[in-house]
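Here is a short report on one protein chain. Look over the sequence and the 3D view, then read on.

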Amino acid sequence: MDKEIEKLISKETDRQNRGIELIASENYASKEVRDACGSILTNKYAEGYPGRRYYGGCEVVDEIESIAIARANELFGSKFANVQPHSGSQANAAAYRALMPEGGKVLSLVLNDGGHLTHGSPVSFSSHLYTFVHYHLDTNGRLDYENIRRAALEEKPNLILAGYSAYPYEIDFKKIKEIADEAGCLFMVDMAHIAGLVAAGVHNSPVGVADVVTSTTHKTLRGPRGGLILTNNEELAKKINSAIFPYYQGGPLEHVIAGKAICFKEALSDDFKEYALKVKENTKACADELEKLGVKSSGTENHLFLMNVLDSFGINGKEAQAKLEEIDITTNKNMIPGDTLPPSKTSGIRIGFAASTTRGCSKDNAIEIAHIIYDYLKGNSSKEESLAKVHSLTSSWKKIEEI
Ligand SMILES: *Cc1c(COP(=O)(O)O)cnc(C)c1O
């Protein structure tokens with residue numbers, strides 16, 4: 001019927017298969033997850049929650065959503081889960097509403113240091129509904145817990161927020177919880193990026209430490225595009241539920257919730273634990289190799305690192321991103337600690353291995369990728385040579401339709 005869209009989907013399938021995906025927030029969902037998301041469940045209206053819906057005919061989707069909730073709680077060790085947020089941003093909006101009154105004060109990481117738009121950006125709802133004050137990373141780009149403590153005691157926020165989009169090191173959630181207790185405020189963690197590592201037990205968990213934990217399900221967790229909210233506090237759980245529906249959202253996406261349920265089951269498996277370990281190993285192997293070649297990088301303790309392309313190659317992040325795109329390697333420009341260039345240019349790019357590891361990227365492949373990037377950005381290797389190397393790697397990996 002619609003050849004125009006069909007052609008474009010097949011063009012995008014080809015793009016995803018041909019290239020090396022190094023965007024740290026991306027991943028490839030399994031066929032089972034994708035099938036659920038493309039299923040007839042999209043036909044069903046189910047405003048409300050299992051057992052308390054506004055429409056009839058919800059007995060089957062009630063079961064699906066209840067399974068998704070139970071699996072999320074099993075996976076993360078939480079007592080209450082809301083699996084309805086359409087995205088990580090919606091999850092954050094609902095969590096803020098449950099945790100503080102409008103106008104409440106949030107202490108979060110300054111955006112240029114790796115925070116997310118919903119953590120107080122002037123272009124996001126967050127800064128309009130709440131008052132944001134910020135803490136900073138130290139000159140090495142690491143969290144400075146003493147700086148967070150001083151800011152919390154001085155600013156007396158309602159809420160301290162941790163969890164970031166471009167932070168390459170492990171976060172000590174317990175330490176920040178102690179600070180929140182000392183300052184008499186609540187603590188929220190947005191684990192959107194590291195949820196898969198937390199699920200696999202290769203990053204310490206914020207669940208049971210923070211009052212509320214929000215997440216996406218499509219980044220390292222490798223599920224369908226969507227959001228998730230966890231808490232152990234029943235009062236907060238009730239407030240979160242009414243903040244999602246009816247305050248911010250209408251009918252839940254039960255097809256995506258089915259995809260989330262499958263994703264949680266997959267993440268409970270030993271295979272997933274192995275996968276998350278490999279993601280960390282591959283990321284470290286690539287960062288270490290680039291450093292050996294003389295490139296300035298942040299190093300890594302998780303699934304991503306930042307590379308200073310301005311100092312290493314004399315080009316800005318925007319230019320590096322465009323150059324790598326020429327050889328079918330997808331990355332994104334990113335501010336680095338103490339960046340002197342604006343966010344539209346940046347001095348760095350962000351590199352992550354969650355997606356390529358899903359396709360079967362090995363440690364040796366990750367090291368080879370470091371060389372492909374280095375040689376092309378240095379001008380040692382032509383576009384044709386580099387493209388041939390990229391395509392030889394990706395053609396040896398799993399096809400994305402088969403994941
Ligand atoms: C990706 C991300 C989000 C938002 O997720 P969307 O689903 O794109 O709305 C929120 N917080 C952090 C830290 C993120 O990295």
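## Cysteines

The structure contains zero disulfides, a disulfide being a pair of cysteine sulfur atoms within 2.5 Å. Such a link is a covalent bond between the sulfur atoms of two cysteines. C361 is in no disulfide. Its nearest cysteine sulfur belongs to C286 and sits 8.3 Å away.

Is C361 buried or exposed? C361 is buried, at 3% relative accessibility. C185 is buried too, with a relative accessible area of 8%. Buried means under 20% relative accessible area, exposed means over 50%, and partly exposed lies in between (1.4 Å probe, protein chains only).

## About the model

This is a predicted model, in which local features need pLDDT of at least 70, side-chain atom pairs count only at pLDDT 80 or more, and totals for chains, interfaces and linings use all residues. Residues are numbered from 1 along each chain as its sequence is written, and side-chain values use heavy atoms, with hydrogens and water left out.

## The whole chain

The chain has 16 helices and 15 strands. These are DSSP runs, numbered from the N terminus: helices are H or I with at least four residues, strands are E with at least two. The radius of gyration is 21 Å, close to the 22 Å that the globule rule gives for 403 residues, so the chain is as compact as a globular protein of that length. That radius is taken over C-alpha atoms, and the rule is 2.2 Å times the number of residues to the power 0.38. Along its principal axes, the C-alpha trace spans about 60 × 60 × 40 Å.

Buried residues make up 56% of the 403 residues. Now take the contacts with a separation of 6 or more: 72% of them join residues 24 or more positions apart. Contact means heavy atoms within 4.5 Å.

## Pockets

Rolling a probe the size of a water molecule over the atoms shows where empty space is left. The search uses a 1 Å grid over the protein atoms alone. A cavity is a set of points where a 1.4 Å probe fits but cannot get out; a pocket is an open set with protein on both sides within 12 Å along at least five of seven lines. Lining residues have an atom within 4 Å of a point. Grid points are joined across faces, edges and corners, and a volume is the space filled by probe spheres set on the points.

The largest pocket holds about 590 Å³. It has 28 lining residues, and Q16, N27, Y28, A29 and R225 are the closest to its centre. Which element gives the largest share of this lining? Helix α1 does, with four residues. By class, the lining has nine nonpolar, eight polar and 11 charged residues. Here Ala, Val, Leu, Ile, Met, Phe, Trp, Tyr, Cys and Pro count as nonpolar, Asp, Glu, Lys and Arg as charged, and the others, Gly among them, as polar.

The second largest pocket has about 480 Å³. Its 18 lining residues include L111, G115, L117, S165 and N334, which lie nearest its centre. Strand β14 (residues 332-334) gives the most, with three residues. The lining divides into five nonpolar, 10 polar and three charged residues.

## Cavities

How many cavities of 30 Å³ or more does the whole structure have? The search finds three. The largest cavity holds about 80 Å³. D113, L137, A166, L306 and P337 lie nearest its centre, among 15 lining residues.

The second largest cavity has a volume of about 60 Å³. Its lining includes G163, Y164, H193 and N302. That lining has six nonpolar, five polar and no charged residues.
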